[in-house]
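I opened this notebook to look up two things.

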Amino acid sequence: MSCAGCASSVETLLNKTEGVHHATVNLALEKADIHYDADHINPAQLSDAIKAGGFGVREQQFLVHIKGMTCSGCSSGVEKGLRALPGVIKADVNLALERANISVIPGQCDLDTLLKTVNDAGYTATADADIQMVDQEAEAHQTAHHDLIELTIAALFTLPLVMQMIAMMIWPGVHMSVWLELALATPVQFWIGRRFYKGAWRALKARSGNMDILVALGTSAAYFFSLWQVLTRGSGAAGHVYFEAAAVVITLVLAGKVLESRAKRSASSALRGLMALRPDTARVVRNAEEVEVKIAEVLIGDMVAVRPGERIPVDGVVMRGESELDESLLTGEPMPVLRVKGDQVVAGAMNGEGALRIRTERIGDDTTLARIGHLVEQAQAGKAPVQRLVDRISGIFVPAVLVLALLTLIGWLLFGAGFETALTVAVSVLVIACPCALGLATPTALVAGTGTAAKSGILIKDIETLERASHIDTVVFDKTGTLTIGKPEVVAVKAMLGSEEDLLVMAASVQQGSEHPLGRAMVDAAREKSLDLYTAENFKASIGQGVSANLQGEEVRVGKVAFALGADSAQTDASAGKSARPSCCSRVITPAVDTGSLQASMQQMSEGGQTVVCVTKAGIVQGLIALADEARPDAKAAVAALHAKGIHTLLLTGDNEASAHRIASELGIESVTANVQPDEKASVVEVLSKQGRHVAMVGDGINDAPALAAAELGIAMGSGADVAMETAGITLMRTKPTLVADALDIANATARKIHQNLFWAFAYNAVCIPIAMMGYLSPALAGAAMALSSVSVVSNSLLLKRWRNRG
């Protein structure tokens with residue numbers, strides 16, 4: 001809010017919202033005091049209403065790790081409890097990653113309340129800051145080892161019961177002592193199976209349903225019926241007890257959980273691998289000595305020493321030494337990259353045989369490695385719209401199965417079956433139903449897909465980005481730095497006033513503060529000639545037009561003719577050989593430089609497809625500079641890969657027609673739109689979208705940001721400006737255009753896995769539950785099928801780890 005009008009607008013908006021009794025907005029405090037009916041509206045809806053009005057709501061983010069969830073019923077129950085808390089705007093609980101991402105209104109809900117809510121539901125909640133102090137890898141291995149021991153014990157106790165069951169099929173009448181059966185089944189039921197009772201109790205406390213309730217209820221029914229038979233009939237109960245059914249179900253479900261846990265950890269291994277790259281300490285040069293300090297104690301500007309074979313601890317610039325760095329886990333680039341003085345290096349890269357001194361530029365959460373980790377975590381923690389539907393179904397799944405099991409018991413009894421038979425069939429219905437497969441279908445595929453993509457240098461921002469990427473049919477490319485190498489060279493300098501060296505010094509001095517490749521090219525050209533540059537003041541970048549700065553008290557502009565001349569209209573573009581408007585030129589060009597001479601010079605310099613920029617001082621043309629940029633070696637293959645997928649390609653650039661068509665023809669791009677301003681780039685993208693196309697925009701510079709935001713999918717090259725990377729949904733960590741097709745490919749592969757998993761999860765329950773109700777499955781077989789369903793879904797997701805990129 002910037003004025004009283006804004007505050008009034010928000011106040012009016014809130015007071016018109018259904019369920020709000022009264023709302024007042026304080027502009028000075030930037031706060032709203034809202035009295036509302038909690039039965040009709042909640043904080044999340046209030047937040048959405050404010051955002052819909054064009055304003056924002058301050059949100060505080062919490063990441064909470066949760067242990068003890070066993071299926072989607074558990075995660076849905078926790079999610080429901082968190083969302084019910086006052087002040088909670090959003091709560092997403094991810095079963096596969098065992099964590100919750102929670103957004104709250106600051107001051108309305110604190111971390112302790114969130115943790116208490118989860119703990120009160122019977123789970124173990126730990127704040128993200130606290131869990132960093134725990135060795136998660138060691139803890140996970142310890143848990144897995146403990147589960148494996150329990151599974152082994154369960155199998156040893158269950159095996160004799162299974163062997164008796166097989167023997168009875170071959171030699172009817174052969175029975176083990178019922179007392180021995182009781183002795184073997186009891187430890188499995190109450191010691192090994194205690195996790196299911198605990199899980200069921202947690203679910204009941206949270207007033208939700210989960211798989212544990214079904215397993216605990218089903219096996220308890222079989223166990224206690226058998227126990228009643230033994231206590232009332234003694235040895236005469238032989239052949240009428242179902243201890244083996246209860247023990248086998250618990251053992252098989254536990255086996256499924258062990259395999260499922262291993263698979264889930266394998267799916268998220270990419271993120272753990274990334275986070276393990278950053279060293280815990282750094283060797284900082286202080287008072288001419290190397291001092292080893294904790295990574296958190298390193299400051300921006302510190303000189304860090306890196307020895308051969310060590311990992312780079314910070315993002316920075318090489319100040320001394322040279323070495324080959326292995327950046328494969330960060331960028332997917334398999335070959336070591338030579339870094340010399342002046343080159344940027346990133347935290348997590350493995351140093352080769354050289355010793356380096358690095359000036360620290362980014363630390364902590366600002367490093368490239370941390371941002372990669374954040375992006376991957378953000379994508380993996382999100383929920384697809386289809387998953388929210390699945391969560392709602394999971395919420396009623398367990399109660400529905402309980403009703404079906406009860407109806408099955410009553411139905412079989414009504415049709416004349418004995419109680420034993422009816423109970424066995426009802427137990428089979430309870431045991432075979434599997435909400436786990438539904439809950440794991442989306443998150444495991446998402447974790448595996450985004451993790452695999454990250455290892456290849458493709459960072460997917462969120463689940464919505466992944467869904468959009470799977471529908472793309474048109475890819476729009478920026479030219480400079482995206483399809484071209486991005487390191488143009490100055491190929492011609494034409495001074496109209498003064499010398500060529502003076503013109504180059506003037507342009508390079510202004511461009512010192514620019515991130516644009518053309519600007520860097522002018523600075524490099526001046527430095528190669530050992531020219532001294534002026535100190536520029538009041539540097540300004542006009543997106544898509546050029547840059548300006550004051551040199552020795554006079555304004556110097558470098559860019560398109562209209563911009564350089566300071567014309568009111570930004571539509572004139574002479575860089576393609578077109579003349580600037582005569583009226584404009586006649587107002588500002590000195591008598592020594594007429595319109596015809598300027599036009600002829602630009603026409604001549606741009607004939608080979610070069611980019612031509614104009615340099616003016618105090619509104620007077622000083623000269624022209626031509627630059628050329630070559631296409632990237634793999635750009636043609638990238639375009640061909642997209643065409644092979646049936647995807648239309650278009651080159652969209654602010655450069656001149658000749659340069660744009662030269663590159664497009666060389667690479668095989670189907671359509672070209674040149675001489676486009678940044679806001680016009682966004683308009684072109686919007687027009688394509690209105691035509692029914694699903695558009696992806698690929699760029700790397702500040703001038704690409706509007707188009708990246710306007711496109712259905714923005715793809716930023718990792719070598720580009722930060723603003724482009726922030727705007728885009730996908731960031732490519734390597735400047736390889738072939739990664740564009742790879743990004744769309746992994747997005748499609750992940751989307752297919754999600755759909756496959758959901759289909760099989762629904763199909764399994766839709767087919768197996770009726771079969772169990774008809775009495776065709778014993779409880780033991782039902783338990784095996786249920787365990788197999790979860791494992792198969794997770795294993796199917798793991799196939800994404802076999803995906804490989806073209807690079």
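I take axes as lines fitted to C-alpha atoms, for helices over the stretch in contact, and angles run from 0 to 180 degrees between N-to-C directions. Helices (H or I, at least four residues) and strands (E, at least two) are DSSP runs, numbered from the N terminus. The model is predicted: local features need pLDDT of at least 70, side-chain atom pairs pLDDT 80 or more, and totals for chains, interfaces and linings use all residues. Residues are numbered from 1 along each chain as its sequence is written, and side-chain values use heavy atoms, without hydrogens and water.

**Helix pair**

I looked up helix 15 (residues 419–432) and helix 28 (residues 738–773). Their axes come within 8 Å and cross at roughly 170 degrees. Helix 15 is therefore roughly antiparallel to helix 28 (over 145 degrees counts as such).

Which residues meet? From helix 15 I noted V425, S428, V429 and I432; they meet Y764, N765, C768, I769, A772 and M773 of helix 28. Contact means heavy atoms within 4.5 Å. By class, I find 8 nonpolar, 2 polar and no charged residues there. Ala, Val, Leu, Ile, Met, Phe, Trp, Tyr, Cys and Pro count as nonpolar, Asp, Glu, Lys and Arg as charged, the others, Gly among them, as polar.

Next I traced an open sheet of 4 strands, order 4-5-3-6, with antiparallel pairing. Pairing takes at least two DSSP bridges between two strands. Strand 4 (88–94) and strand 6 (124–127) are the edges, each pairing on one side only. Strand 3 (residues 60–67) and strand 6 share 4 bridges. V64 stands opposite A127 in strand 6. Helix 4 (residues 111–120) packs on the sheet, touching strands 3, 4, 5 and 6.

How values were computed. Parallel < 35°, antiparallel > 145°, perpendicular 65-115°, else oblique.
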